[in-house]
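Dear colleague,

I am passing this structure on to you, together with a short account of what came out of looking through it. Please read the notes below with the coordinates open beside them.

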Amino acid sequence: MSRASTTSWLQRLYAAVETSQPWGVEQPSNLFLLESLLLLSLLSIAATVAFKSLRKPSDFVKACGVHVKRVKRTMQEIDRKVFHLCTLLVPLTHQVLLQRGWSNDECVALCWAITATGCSLDLARVYGPAFVRRHWPLQHLLREKEKERLTGSCFLALGCTLTIAIAPPSIAMAAVLFLVLGDLSAAVVGVSFGKETVSLKLGREGKKSAEGSIAMFVVCFLVGCTLFAHVELREYSVAIGAIVATLTELIEPFGLNDNLTIPVFSAISLMFGFSRVSSCHIQSGGGVALLREIFSHFDGRERVRVCASQNSTL
């Protein structure tokens, strides 16, 4: 994105905050979502390149206040989570395809095909010949417990696919970002500073920290409020989604991999939050104005279609 494009995106974001509308009237446009993802991807790439280009990245980590005994593990976690930033390609590709005229059903079908292929390859790694396991790419990024079972990438692909299938594009994108950026912040902050300020053992195995959970909630909330800047009272719905995402990462419900549960549960909670805010808007007397606004948009589109069809017949 050029400097002019970035300035244009910031201007649209400011205008959206100033003229926000209820969820039923105004949802984030595909163009706004696509530009947001491009900007986020470029920032992620720039930050990764800058960190990797440091002469001694470990010294930078120590300068950030990480205890010497935690530096090595923090560096390993950063390497793993930087690779997970590649997941930004999922919502980015989704938005590009929608912008190019694909339907959401076609995008879902493509996601299922990719997920089936990836899971089949992962099953071949786990249950196939030893030669396959020894020469599996990115073997060094696998956790010890993942070497003998399906990796988190398999569950991540399934979680993203289910999310895109059940939720509108904007909510699906937010839910995937909750997973990518929220889980990244929880892991890095938890490994670096966990249990230093709040000495609580959280999670199913007592390995989670309050610092990591707080970091995840803050990141998810900020991401959601930015994406839904066009939506009135967005902070309430986004807070529900951020809380659910944080609790899902913390307690790992049903013992399922959080790469699967975080995006799915986040999408469901965001849809619930926006539906509740819309229903409260109607019950409080805003229903007439809301319907009038919806039908004015509908009528406007119909007039454009009628005029276009009349011009084409002339």
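A salt bridge is taken here as a side-chain nitrogen of Lys or Arg within 4 Å of a carboxyl oxygen of Asp or Glu. Please keep in mind throughout that this is a predicted model.

With that cut-off, the side chains of Lys62 and Asp59 form a salt bridge, the N to O distance being 3.6 Å. Both residues belong to helix H3 (residues 57–63), and because they are 3 residues apart there, about one helical turn separates them. Lys62 is partly exposed, with a relative accessibility of 39%, and Asp59 is likewise partly exposed at 36%.

A search of the whole structure gives 2 salt bridges, and a salt bridge also joins the side chains of Lys52 and Asp79, with 2.6 Å from N to O. Here Lys52 sits in helix H2 whereas Asp79 sits in helix H4 (residues 71–84), so this pair ties together parts that are 27 residues apart in sequence. Lys52 counts as partly exposed at 46% relative accessibility, and Asp79 also counts as partly exposed, at 31%.

Helix H2, which spans residues 30–52, also holds Val49, a residue that counts as exposed because its relative accessibility is 51%. Together with Leu42 and Ile45, Val49 makes up a nonpolar patch on the surface, and the three share about 270 Å² of accessible area.

At least two lining residues come from each of H2, H3, H4, helix H9 (169–193) and helix H10 (210–227), and H2 gives the largest share of the lining, namely 9 residues.

Leaving aside residues up to four places away in sequence, Glu249 touches Asp183, Ala186, Lys208, Met216, Asp258 and Ile262.

With best regards

Note on methods. Residues numbered from 1 in each chain as written. Predicted model: local features only at pLDDT ≥ 70, side-chain atom pairs only at ≥ 80, totals over all residues. Heavy atoms only, no water. Contact = heavy atoms within 4.5 Å. Patch = residues over 30% accessible without salt bridge, like charges linked within 9 Å, V, L, I, M, F, W, Y side chains within 5 Å. Areas by Shrake-Rupley, 256 points an atom, 1.4 Å probe, with all protein chains shown as cover. Helix = DSSP H or I, 4+ residues; strand = E, 2+ residues; numbered from the N terminus. Buried < 20%, exposed > 50% of the residue type's maximum accessible area, 1.4 Å probe, protein only.
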